[in-house]
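This briefing is intended for a reader who has the sequence and the coordinates at hand. Please consult the structure below before reading the points that follow.

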Amino acid sequence: MNTILTVNNLTKKFGYLTAVKDLSFTIEKGNVYGILGPNGSGKSTTLGIILNVVNRTSGEFSWFDGTTSTHDALKKVGAIIERPNFYPYMTAIQNLSLVCKIKEVSNEKIQEKLELVGLWERRNSKFRTYSLGMKQRLAIASALLNDPEILILDEPTNGLDPQGIHQIREIIKRIATQGTTILLASHLLDEVEKVCSHVVILRKGEKLYSGPVDGMMASHGFFELRTTHMEKLKNLLEKHASFGKISQENGTLTAFLKEEMNAEALNKLLFEEGMVLSHLVKRKESLEEQFLTLTKNQ
Amino acid sequence: MVRLLQIEFIKLWNNRASKILITSYFVLLTSIALIAAIKFDIGPIKFHLAEIGIFNFPYIWHFNTFVTAFFKLFLAIVIVSMMANEYSNKTIKQNLIDGLSKKEFILSKFLTVISFALISTVFVFVVSLILGGIYSDYDEFSIIFSDLEFVMAFFVKLVGFFSFCLFLGILVKRSAFSLGFLVIWQIIEGITTGLIRWKLFNKETTEFVMGFFPLQSMYNLIKEPITRLEAVQTVADQVGEEIVLDYHVQWYEILIVLGWTAIFVYLSYALLKKRDL
């Protein structure tokens, strides 16, 4: 595995406030990472530090193998932070050719990237005439100009309408399938759940979890069941060793597993007990439920 | 280095306001030639400004660099806003994220300042050479190219002044307030002069002390040229007043301005480095 970014014991204090506290994680090539956390949990500060715009108080971070300077490494990175920042009086093309100059790449990719985000028709319009969604898409095009090793996105769908959110997500998915490593900071959990394979969870600047999305909780999922004899079903499951908490709501029984069991086995078991189910679904907790549990527990 | 200049050029030249200001600045530099056209011809009084010797070599170097230096305010606006706009558009953040180092950022601005000063200097040099060629009473090679110290002082003066503007742009982050600060600073230096003269020292010492202040030291580089004019001296002689002036550019004055330039550029860099964006 190639390491793209290593962060060690990073701390940032703004006066009395500790925005990031002793944070460590690594980013490996080829994965899609999500940085999760409520507002003010230090996501943007962390990204600001690794992107050279916020000074760290203590700790270390290194890009790639650690031999290149941060600003040279950033030429191989594509990043968008919060709002898209461009020169309002310049057109899309002029803004992008400026970025090409900074990143020291040739101008030939401009057309390709503008077409990717669907802005080629508006290439000669001034940036200030763009809608927020278009600005955000231009920012993505700009971040992709150098075919970056890693794409860093901070709240890319913030403030967009549903259509805009959908467009941005489609673009992100398309980029992810091309094998680009992505680091996505967001407080929108379903967004992260849809695209990310790994997560780093922050709360008040502290890391709660980092690793694959699936491994976030030692959970075996739960069943949603419905039948005509609910009471009988409930008694039966309460006696069964594989089940833990059982709750009933709106005529549906939710039974949490303590150990692995597939739906087929449960169906067979109940049928043998003389019970026929009208509804049987096995589910994993959503990222949102897991996230809320994690942030509540600690 | 060329890359940094190109970056700055794209930012400036695509901005209509900067483009207009830069163009009008150079048009104004050329317009000094229009002084030659000032002619009064009222009956017995014939007065032709070009013929009282202001375009004589080497005096023209002194006169033109002194007068054109006032136009530098046009470029000051451009420089202050090119710095402050980076903050208000937050593009400075994006530039750094895109892979420009803080050092490169300041360097690209400073190189632009040097280019502005250099182009202005060459411009003034050429305009003066042509004007002098037409109107000067002397045209010996050695006379034409004497006193070129004023051209060099002009360059140093512009670099120093523009570096000050650059620093103000970074410090204040808003173009209008930065320009206001520049005006206030001028007033502060004026008041300081008054206070020192009033309470502390005599005229000579006050002038010496004030020579170390940024704006005053830049002004001192090229002294006012009017009293040096032969016509004026003749008049002074007639009223029994003798004007003794050392109008030359002094090496220590150059040094002070270069010192301020270094301080301003370094402070800009230190400020940028320390700030969280």
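The notes below take up confidence, the contact between the chains, domains, helix packing and backbone geometry in turn.

The model is predicted. Within it, 23 residues of chain A are in contact with 22 residues of chain B. Chain A is divided into two domains, domain 1 (3-216) and domain 2 (222-297). In chain B, helix H6 (residues 102-135) packs against helix H8 (residues 149-172) and also against helix H1 (residues 2-13).

**Confidence in chain A**

- The average pLDDT of chain A is 86, and 98% of the residues score at least 70.
- Within chain A, the highest confidence is found in H3(A), at a mean of 94, and the lowest in helix H10 (residues 287-297), at a mean of 73.

**Contact between chains A and B**

- The contact between the chains takes 23 residues from chain A and 22 residues from chain B.
- On the side of chain A that touches chain B, helix H2 (70-74) and helix H3 (92-103) of chain A each supply at least two residues.
- H3(A) gives the most to this side, with 7 residues.
- By class, the side of chain A that touches chain B comprises 14 nonpolar, 6 polar and 3 charged residues.

**Domains of chain A**

- The centres of domain 1 of chain A and domain 2 of chain A, taken over C-alpha atoms, are separated by 40 Å.
- Domain 1 of chain A brings 11 residues to the contact between the two domains, and domain 2 of chain A brings 7 residues.
- Helix H7 (189-195), strand S8 (198-203) and strand S9 (206-212) of chain A are the elements that give two or more residues to the side of domain 1 that touches domain 2.
- H7(A) gives the most to that side of domain 1, with 4 residues.
- The side of domain 1 of chain A that touches domain 2 has 8 nonpolar and 3 charged residues, with no polar residues.

**Packing of H6(B) with H8(B)**

- The axes of H6(B) and H8(B) lie 9 Å apart, and the two helices pack at an angle of about 150°.
- These two helices are therefore roughly antiparallel to each other, and their crossing is right-handed.
- Residues of H6(B) that meet H8(B) include Phe110(B), Val113(B), Ala117(B), Val124(B) and Phe125(B), while those of H8(B) include Phe154(B), Leu158(B), Phe162(B) and Leu166(B).
- The contact of H6(B) with H8(B) consists of 15 nonpolar, 3 polar and 1 charged residues.

**Packing of H1(B) with H6(B)**

- H1(B) and H6(B) pack at an angle of about 80°, with their axes 9 Å apart.
- H1(B) and H6(B) are therefore roughly perpendicular to each other.
- H1(B) contributes Leu4(B), Leu5(B), Ile7(B) and Glu8(B) to this contact, and the residues from H6(B) include Glu104(B), Leu107(B), Lys109(B) and Leu111(B).
- By class, the contact of H1(B) with H6(B) has 5 nonpolar, 3 polar and 3 charged residues.
- Lys109(B) is listed among the residues of H6(B) that meet H8(B) and also among those in contact with H1(B).

**Backbone geometry**

- Most residues other than glycine have a negative phi, and most peptide bonds are trans.
- Phe57(B) and Pro58(B) are joined by a cis peptide bond, with omega about -10°.
- Pro58(B) is placed in the loop between strand S2 (45-48) and helix H3 (59-68) of chain B.
- Asn9(A), a residue other than glycine, has a positive phi near 50°.
- Asn9(A) is located in strand S1 (residues 3-14) of chain A.

Conventions
Residues numbered from 1 in each chain as written. Chains lettered and ligands numbered in written order. Predicted model: local features only at pLDDT ≥ 70, side-chain atom pairs only at ≥ 80, totals over all residues. Nonpolar A, V, L, I, M, F, W, Y, C, P; charged D, E, K, R; others polar. pLDDT = per-residue confidence, 0-100. Axes fitted to C-alpha atoms, helices over the stretch in contact; angles between N-to-C directions. Parallel < 35°, antiparallel > 145°, perpendicular 65-115°, else oblique. Left-handed = near helix turned anticlockwise from the far one by under 90°. Domains from an automatic or database assignment.
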